[in-house]
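Me: I have a sequence and a model on my screen. Can you walk me through how to read the features?

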Amino acid sequence: MNILRDFLIVGCGSFLGGGSRFLVSKLVGGLFATSFPVATFIVNLLGCLLIGFVSNIPSTLSWLSPQARLFLTTGFCGGLTTFSTFMNENLSLANDQNYLCLFAYLVGSFALGLIFVWAGGALAKAVAM
C-alpha cells in the first residue's frame, strides 16, 4: 500500500510542478522577445535550487517528512524539470568521487540525448511520408 501512496504523492507533486512550468513559460514568454529559451532556463535553475535545498535538509528534521521530500523532489521538481534531478544525481556522483560514472552520465546524457531527439524527429518525418 505504501507504493500506491508514494505514487499518488509523486503524481500530485508532478502535476503541480508541470503546471508551474506551464505558468512560468506563459508569464516569461510574454515578457521577453528572444530566441533564447528564457522560461526553460529559469525553471531549470529554480528546480536545481529547490532540489539542492530539499536534498540537503537533514533527514533528522521532523518538519520535512520522507513523503514531503518525495513530493518536493521526485514529484514537484520532476514535474517542473528533470534537469534538476539530473544535476542532483551528477553532484551525488561527484561527491562520491565516482568520476567515471559522472563523466559517462554527463557526456552520455548530452550526446545521446541530442542524438535521440534527432532520431525521434527523423522517425516522425519518415512515418509522416
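**Reading the fold**

Reply: Start with the whole chain. Of the 129 residues in the protein chain, 21% are buried. Keep in mind that this is a predicted model.

Me: How many helices and how many strands are there in the protein chain?

Reply: Five helices and zero strands. Reading from the N terminus, the order is α-α-α-α-α.

Me: What box do the C-alpha atoms of the protein chain fill?

Reply: Roughly 55 × 40 × 35 Å, taken along the principal axes. Among contacts in the protein chain with a separation of 6 or more, 59% are between residues 24 or more positions apart.

Me: Now helix packing. At what angle do the axes of helix α1 and helix α3 cross?

Reply: Look at the distance and the angle together. The axes of α1 (residues 2-31) and α3 (residues 66-80) come within 6 Å, and they cross at roughly 40 degrees. An angle under 35 degrees would count as roughly parallel, and 65 to 115 as roughly perpendicular. The two helices, α1 and α3, are therefore oblique to each other. Their crossing is right-handed.

Me: Which residues of α1 and α3 make the contact?

Reply: On the α1 side they include Ile-9, Val-10, Gly-13, Ser-14, Leu-16 and Gly-17. On the α3 side they include Leu-70, Phe-71, Thr-74, Gly-75 and Phe-76.

Me: Take Gly-75. Where is Gly-75 found, and is Gly-75 buried or exposed?

Reply: Gly-75 is found in helix α3. Its relative accessibility is 0%, so Gly-75 counts as buried. The cut-off for buried is under 20%.

Me: Which residues does Gly-75 touch, not counting those up to four places away in sequence?

Reply: Val-10, Gly-13, Ser-14 and Leu-70. Gly-75 and Leu-16 are 59 residues apart along the chain, yet their C-alpha atoms are separated by 8.2 Å.

Me: Cysteines next. How many disulfides does the count come to?

Reply: Look for sulfur pairs within 2.5 Å. The count comes to zero disulfides. Cys-77 is in no disulfide, and the nearest cysteine sulfur, that of Cys-48, is 8.6 Å away. Cys-77 has 0% relative accessibility and counts as buried.

Me: How many aromatic pairs does the count come to?

Reply: Three aromatic pairs. For each pair, read the distance between centres, then the angle between planes. Phe-86 and Phe-110 lie 5.7 Å centre to centre, with 85 degrees between the planes. Over 60 degrees counts as edge-to-face, and the pair of Phe-86 and Phe-110 is edge-to-face.

Me: Which helices does that pair link?

Reply: Phe-86 is in helix α4 (residues 82-95) and Phe-110 is in helix α5 (residues 99-128). The two residues are 24 residues apart, and the pair links distant parts of the chain. Phe-86 is buried, at 11% relative accessible area.

Me: Which residues do ring pairs link into a cluster?

Reply: Phe-83, Phe-86, Tyr-105 and Phe-110. Recall that Phe-83 is also one of the α4 residues in the contact with α2.

Notes. Residues are numbered from 1 along each chain as its sequence is written. This is a predicted model: local features need pLDDT of at least 70, side-chain atom pairs count only at pLDDT 80 or more; totals for chains, interfaces and linings use all residues. Side-chain values use heavy atoms; hydrogens and water are left out. Buried means under 20% relative accessible area, exposed over 50%, partly exposed in between (1.4 Å probe, protein chains only). Rings of Phe, Tyr and Trp (its six-membered ring) pair if their centres lie within 6.5 Å; planes under 30 degrees apart count as stacked, over 60 as edge-to-face and the rest as tilted. Helices (H or I, at least four residues) and strands (E, at least two) are DSSP runs, numbered from the N terminus. Axes are lines fitted to C-alpha atoms, for helices over the stretch in contact, and angles run from 0 to 180 degrees between N-to-C directions. Angles under 35 degrees count as roughly parallel, over 145 as roughly antiparallel, 65 to 115 as roughly perpendicular and the rest as oblique. A crossing is left-handed if the near helix is turned anticlockwise from the far one by less than a right angle, and right-handed if clockwise. Contact means heavy atoms within 4.5 Å.
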